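This briefing is for a reader meeting the structure for the first time.

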Amino acid sequence: MEILKKIYKFIASMKFAIILLVVVAIACMVGSLVPQGEQFALYRDSYSERTAAFILAFHLDDVFHSWWFITITAMLCLSLVLCNITRVRALIRKTKDAAIPERAAAETPSVSESGVNDPLSVFRRLRFFKPQSASIDGREALFAYRNRPGFWGAWVCHLGILFIVLGYALGQMTLFSATVYGTPGQVKPIEGTTAEVTIDGFETQRNDEGFIEQYTTALTVTDTKTGLKQSGTSSVNHPAVLDGYKLYQTASGDAVRVTIAENGVPFETADLCVGEELTVSFLPGFSLYLNAYEPDHNGQPAYHVLFFYQGQHMESGRNYIAPGGVIDLEPYTITFSEPIEYTLLRVKKDSFSWLVLVGAVLTTLGLFLALYVVPESLWAVRDEDGTWTVFGKSRKLAPLFLEQFQRASHGKGKEAKQ
């Protein structure tokens with residue numbers, strides 16, 4: 001039993017919680033620096049074969065879902081919970097005792113002054129309003145206290161940290177992330193959900209010198225299951241929050257509008273972004289893939305197009321098609337337009353961000369209580385010669401309280417209105 005008590009005491013200690021908090025912070029930093037969810041080849045090319053093997057062996061490629069991160073986070077949450085539970089009774093008792101004259105007077109005062117003729121003036125100058133009559137050690141006394149919530153500052157702060165850690169950890173473990181890209185007018189599904197994104201417009205803002213300053217996408221998110229629609233705009237560093245999703249403006253690129261015509265009459269149009277494939281309807285099994293928009297053999301911007309038949313690449317050299325170029329397949333033609341900018345959006349959904357927000361509010365409140373709401377008490381006891389001895393107790397900021405007390409007890413402070 002003694003060993004179990006020691007283990008419990010250590011787990012519930014702030015020392016253990018701080019150690020775990022540092023480890024979690026380091027793990028989060030690693031998870032942010034090391035690309036998550038990639039293949040061995042990428043890590044090998046980016047670092048080295050040995051480092052890549054180390055990353056995979058210790059699940060650094062998926063930090064927030066690794067067994068060790070979940071274990072450490074669970075231990076940290078347990079430690080913070082036990083730490084707070086252990087301190088609750090003592091805090092309740094301390095808060096109650098601060099309002100009981102004899103128990104408050106039993107503590108060592110921060111300051112005292114004897115031979116005071118008018119103790120009420122000291123109370124007023126120190127802004128302890130309406131002191132209560134009391135009896136301390138059988139002697140006539142006056143007593144007042146203030147700022148008892150300040151006892152709970154550290155406790156509330158720890159509770160806030162618990163919510164932040166729990167919210168961040170759960171958020172990372174359950175985080176939904178997807179990529180959506182396209183040109184204005186296109187409707188793209190958000191994979192793995194019942195939602196789809198309509199790209200209403202895309203604009204590139206440039207400065208007077210022609211350099212890009214901002215990308216902005218106007219978009220609408222529609223839940224195909226409920227029919228709910230929400231519209232907004234997303235720009236760099238200013239994501240749109242629609243239907244519970246955060247849509248981040250990530251990048252832009254070049255796309256092409258492909259027009260298929262028969263005998264000069266268009267019957268099919270599609271926008272292709274780099275990396276997309278188009279199945280040609282009039283040739284079953286035939287498709288074209290936009291590989292890149294880059295300089296051709298002559299250094300002129302052109303579309304690099306790959307052709308496939310029944311899933312097999314058709315070797316035909318490097319197929320560069322200039323903007324405005326045409327592939328003639330009599331009686332059909334495939335025309336490639338001038339480049340069109342497409343937008344690339346990163347879609348994320350964190351179901352536990354509210355926990356982090358609650359934690360931030362609690363932590364801020366705890367810091368305010370700990371730093372600015374200082375528990376203080378003031379009491380005066382009548383001596384045998386008829387004068388009074390005034391005592392003061394400040395849980396923090398004792399030097400400042402001492403200075404204020406000395407000024408008030410010597411009649412140098414300002415009288416406060418009750």
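**Briefing**

Glu 140 has a relative accessible area of 44% and is therefore partly exposed; buried stands for under 20%, exposed for over 50%, and partly exposed for the range in between, with a 1.4 Å probe and protein chains only. The model is a predicted one, in which local features need pLDDT of at least 70 and side-chain atom pairs count only at pLDDT 80 or more, while totals for chains, interfaces and linings use all residues. Residues are numbered from 1 along each chain as its sequence is written, and side-chain values use heavy atoms, with hydrogens and water left out.

**Salt bridges**

- The structure holds seven salt bridges, each being a side-chain nitrogen of Lys or Arg within 4 Å of a carboxyl oxygen of Asp or Glu.
- One of them joins Glu 140 to Arg 382, with 2.9 Å between the closest N and O atoms.
- This pair links distant parts of the chain, since Glu 140 is in strand E3 (residues 139-146) and Arg 382 is in strand E20, 242 residues apart.
- Helices (H or I, at least four residues) and strands (E, at least two) are DSSP runs numbered from the N terminus.
- Arg 382 is partly exposed, at a relative accessible area of 33%.
- Another salt bridge is formed by Arg 146 and Glu 376, whose closest N and O atoms are 2.8 Å apart.
- Arg 146 belongs to strand E3 and Glu 376 to strand E20, so this pair ties together parts 230 residues apart in sequence.
- Glu 376 has a relative accessible area of 10% and is buried.
- Lys 188 and Glu 276 also form a salt bridge, with the closest N and O atoms 3.1 Å apart.
- Lys 188 lies in strand E5, and Glu 276 in the loop between E11 and strand E12 (277-279), so parts 88 residues apart in sequence are tied together.
- Lys 188 and Glu 276 are both buried.

**The sheet of E5 to E8**

- Four strands make up an open sheet in the order E5-E6-E7-E8, with antiparallel pairing; two strands pair if DSSP finds at least two bridges between them.
- Strands E5 (187-189) and E8 (229-235) stand at the edges with a single partner strand each, so one side of each has no neighbour in the sheet.
- From one strand to the next, the twist averages 30 degrees; axes are lines fitted to C-alpha atoms, for helices over the stretch in contact, and angles run from 0 to 180 degrees between N-to-C directions.
- Strand E7 (residues 212-223) is joined to E8 by seven bridges, and the two run antiparallel.
- Thr 220 has Ser 231 in E8 as its bridge partner.
- Gln 214 is in strand E7 and counts as buried at 19% relative accessibility.
- A polar atom of the Gln 214 side chain lies 2.9 Å from the backbone nitrogen of Val 236.

**Strand E21 and its partners**

- Six of the seven residues of strand E21 (residues 388-394) are buried, so the strand is largely enclosed by the rest of the structure.
- Four bridges join E21 to strand E1 (residues 111-116), and these strands run antiparallel.
- Val 111 has Gly 392 in E21 as its bridge partner.
- E21 also pairs with strand E20 (residues 376-382), in the antiparallel sense over seven bridges.
- Ala 380 has Val 390 in E21 as its bridge partner.
- The hairpin of E20 and E21 has five residues between the strands, and Gly 386 there takes a positive phi near 90 degrees.

**Backbone in the loops**

- Most residues other than glycine have a negative phi, and most peptide bonds are trans.
- Arg 127, which is not a glycine, has a positive phi near 65 degrees.
- Arg 127 lies in the loop between helix H7 (119-125) and strand E2 (132-136) and counts as exposed at 54% relative accessibility.
- Asn 263, also not a glycine, has a positive phi of about 55 degrees.
- Asn 263 is placed in the loop between strand E10 (245-262) and strand E11 (265-273), and its 57% relative accessibility counts as exposed.
- Glu 330 and Pro 331 are joined by a cis peptide bond, with omega about 5 degrees.
- Pro 331 lies in the loop between strand E17 (326-329) and strand E18 (332-336).

Notes: A polar contact is a pair of N or O atoms within 3.5 Å; within protein, one must be able to donate a hydrogen and the other to accept it, and residues adjacent in sequence count only if both atoms are side-chain atoms.
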